[in-house]
Amino acid sequence: MATASVLSNTDDYESCAFCLSKYSRTRASFCQCKHCSTPLCIDCTKEHHDELLQEVTQVSHQYNELKELLQAKQNIVVDETAKSIEDVNQYFKTYIDELIETQKKIISDIEEAKQNAQSSILKIDSDLSVLGIEIHGLAKQNIAQTTKTINLLTKLKSIAQSINTYKAIRTENLLKTKPEFSIKFDYAVAITEAASFETIAKETKQVPSTIVKESFSRTRPLSIPQHTTIQKNLADDMEEYDDLSDTDDNNDAECGFIETTYNINRMASDGENIMYSVYYDDQPDRIAYYARMNDNDSYRDWHQSRIEDMIWWGAISKFICATKDAIYTVAYINTRFKILAVIREKWLYCRVAANTNSLFTWSDSDEDDFSGIQVYSTEFQCISTINFNSLHLGVFTNQSVSFCITDNFIASLCTRMRNNHKVFQVTFCDLEMNKLYSLPLGRYNDDVEIRTDGEDQFFITTGHRKFYILHYGGKKQTVNLEKDGECIAVLHNRRIAISKNHDGMEVINY
């Protein structure tokens, strides 16, 4: 509350500060505020008093809001911890049950193999006993019978060959995967320019200097560069391919194989189960659902136009399927597929990606002469647009074939012909499509795809038996595949499923 000291005599009078500054008038002051020593007239004293009361009220209100917010954060810590523990317990219960069932089946198969082997050995023993009786009879007769002796020797030789070649053949695939789960509670901390530069240098030092065009940082907001700095011609943007060798150091990774009921053309995963599309030329396409506990994959005919791209959007817990006519959501509930068209439009090309809060569509349209990205909310309301035609962001937006996003970055693949070979590169941008840097990847075959774990790792197929794991900052790991890879599904526990138009998927532990 404002208090005032009355001026003692006329010599102390001076003009009211509020009247001069706020009302452009001159009045003699009546008193001074004890808190700020501002000379005030009678009317302004009351006004100043009311302002101070309002400020105190605002401070008190803000304090109460922060207390409520802090309590909400405390509730988050308790609730998220409890939910995480529950999820881990449920995961391990399911995992242990599956391991026990798998153990029982393996032991049952071993016992069955033992019984079959013993039956086979008993048969050989029986045949050998019959020959022993014949040999014993022949010896008692003490008469040379050349033909019979030759027959006996032939049979003994056959039995000997069977016994000598009889051995145990073991096929082992006892993978040990250590589950990982973590949760932390933290807040963002602003950093200085010097600290930011040190972080950038450390995170990008593994990218060749000829490739990195602009460094970037996770923790500092990105400044938007002038478009003139990123307008390059196609030769300049792809100059790295001149020295590009397709003989990367390959690294074998621990992997397994999962069979599916139908051939896989596009697929996505909620982390545990996988939905995939099946292309047919003489009948409707299908969508199928692979669940680990089911022997056969559930399916439904897909009577819409062909699925061009498919992702899982965790924000709404549904699959997103992109076609050239519409975007659909697909939910698999109680062995039934629920399909809903959420965005209808005609495109020449359409791909989709999603992060925590938004759905991004990368599309080309003749009707609207539009080439770019549209961003949608979880209610599928368009909230922003990036028009490649008007912004001239750079040639890395041309000939795009696949893209993915995190909460911080957009990573896209674009292709071109180079020395009679199909080559492609990955380009990282901020969420406004301002280019950060590009990395050439070499040759590819037919379709390629890029996906992310939502954090700092990106996974890229080449259409060949070569698969890339690209870490934040540019470190690239090359993985050899058993079969050609084209489409990707990101699974829990650091696993990636890869397939290309065959009835199964290769699963890599990275």
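How many salt bridges does the structure hold? The structure, a predicted model, holds 16 salt bridges, where a salt bridge is a side-chain nitrogen of Lys or Arg within 4 Å of a carboxyl oxygen of Asp or Glu. In this predicted model, local features need pLDDT of at least 70 and side-chain atom pairs count only at pLDDT 80 or more, while totals for chains, interfaces and linings use all residues. Residues are numbered from 1 along each chain as its sequence is written, and side-chain values use heavy atoms, with hydrogens and water left out.

One of the salt bridges joins K22 to E51, with the closest N and O atoms 3.0 Å apart. This pair links distant parts of the chain, since K22 lies in helix α1 (residues 17–22) and E51 lies in helix α2, 29 residues apart. Helices (H or I, at least four residues) and strands (E, at least two) are DSSP runs, numbered from the N terminus.

Two packed helices are described by the angle between their axes and the distance between the axes. Helix α2 (residues 42–141) packs against helix α3 (residues 146–165) at an angle of about 155°, and the two axes are 11 Å apart; axes are lines fitted to C-alpha atoms, for helices over the stretch in contact, and angles run from 0 to 180 degrees between N-to-C directions. The helices α2 and α3 are therefore roughly antiparallel to each other, a term used for angles over 145 degrees, whereas angles under 35 count as roughly parallel, 65 to 115 as roughly perpendicular and the rest as oblique. The contact (heavy atoms within 4.5 Å) involves residues of α2 including I124, L128 and L131, and residues of α3 including L152, L156 and I159.

Turning to the strands, β6, β7, β8 and β9 form an open sheet in that order, with antiparallel pairing; two strands pair if DSSP finds at least two bridges between them. The edge strands of this sheet are β6 (266–269) and β9 (298–302), each of which pairs on one side only, and the twist averages 20° from one strand to the next. Within the sheet, β6 and β7 (residues 274–278) are joined in the antiparallel sense over four bridges, and R266 has S277 in β7 as its bridge partner.

A further antiparallel pair consists of β12 (residues 326–333) and β13 (residues 336–344), which are joined over eight bridges. Here I327 stands opposite I343 in β13. The two strands β12 and β13 form a hairpin with two residues between them, and N334 in the turn has a positive phi of about 55°.

Another open sheet of four strands has the order β14-β15-β16-β17, again with antiparallel pairing. At its edges stand β14 (349–354) and β17 (382–387), each with a single partner strand, so one side of each is left without a neighbour in the sheet. Strands β14 and β15 (residues 359–365) pair over six bridges, and the bridge partner of C350 is S363 in β15.
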